[in-house]
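I opened the file to take notes on fold, surface and a few backbone details. The entries follow in the order I looked things up.

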Amino acid sequence: SRVDERRVVATVKLAAPVCSLLEFKLECTPSTKISFVVDRIIDRHGGSISDLSVCVNRFHPEEVIVGRDKTLEQCGVFGGECIIYYDFVPRPGALLQ
């Protein structure tokens with residue numbers, strides 16, 4: 001597969017509550033899979049989250065991306081910047097640091 005030269009800077013943020021500590025930027029391409037983004041989010045939380053919901057560019061329950069093998073391009077991102085919102089259910093016994 002050819003290297004995707006197009007660049008995307010995704011700002012990944014928690015849908016609610018707004019918490020700038022949990023916001024981070026991820027450099028990727030339109031062919032980056034949602035599963036890659038999900039893995040980075042879980043890494044940021046030290047692996048203590050599950051039931052992650054992800055939305056691109058606006059957070060809406062009906063727009064949660066179900067297929068983790070979808071690419072950003074399939075979610076309407078072709079380059080430039082985007083926002084990836086996420087929400088999750090804390091795992092029982094997970095302490096917020």
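Before listing elements, I note the definition: helices (H or I, at least four residues) and strands (E, at least two) are DSSP runs, numbered from the N terminus. The model is a predicted one.

**Fold.** I read the order of elements from the N terminus as β-β-α-β-β. That is one helix and four strands. I then checked the radius of gyration: it is 13 Å, close to the 13 Å that the globule rule gives for 97 residues, so the protein is as compact as a globular protein of that length. Along the principal axes, the C-alpha atoms fill a box of roughly 45 × 25 × 25 Å.

**Contacts and surface.** I looked at contacts with a separation of 6 or more, and 63% of them are between residues 24 or more positions apart. Of the 97 residues, 32% are buried. I get an accessible surface of about 6200 Å², with 53% of it belonging to carbon and sulfur atoms. For charge, I counted 12 positive and 13 negative, and their mean positions lie 2 Å apart.

**Helix 1.** Which residues of helix 1 (residues 34-44) are buried? I find Ile 34, Val 37, Val 38 and Ile 41. Just after helix 1, I noted Gly 46 with a positive phi of about 65°.

**Arg 44.** I took this residue next, as it is found in helix 1. Leaving out residues up to four places away in sequence, I see Arg 44 touching Leu 21, Glu 23 and Phe 24. Arg 44 and Glu 23 are 21 residues apart along the chain, and I get 9.6 Å between their C-alpha atoms.

**Loop between strands 1 and 2.** I checked omega here and found a cis peptide bond joining Ala 16 and Pro 17, with a value of about -5°. Pro 17 is found in the loop between strand 1 (8-14) and strand 2 (24-28).

**Loop between strands 3 and 4.** I place Asn 57 in the loop between strand 3 (49-56) and strand 4 (80-90). With a relative accessible area of 43%, Asn 57 is partly exposed.

Conventions. Residues are numbered from 1 along each chain as its sequence is written. This is a predicted model: local features need pLDDT of at least 70, side-chain atom pairs count only at pLDDT 80 or more; totals for chains, interfaces and linings use all residues. Side-chain values use heavy atoms; hydrogens and water are left out. The radius of gyration is taken over C-alpha atoms; the globule rule is 2.2 Å times the number of residues to the power 0.38. Buried means under 20% relative accessible area, exposed over 50%, partly exposed in between (1.4 Å probe, protein chains only). Contact means heavy atoms within 4.5 Å. Accessible areas come from the Shrake-Rupley method with a 1.4 Å probe; for residues, only the protein chains shown count as cover. Lys and Arg count as positive and Asp and Glu as negative; His and the chain ends are not counted. The place of a charge is taken as NZ of Lys, CZ of Arg, CG of Asp or CD of Glu.
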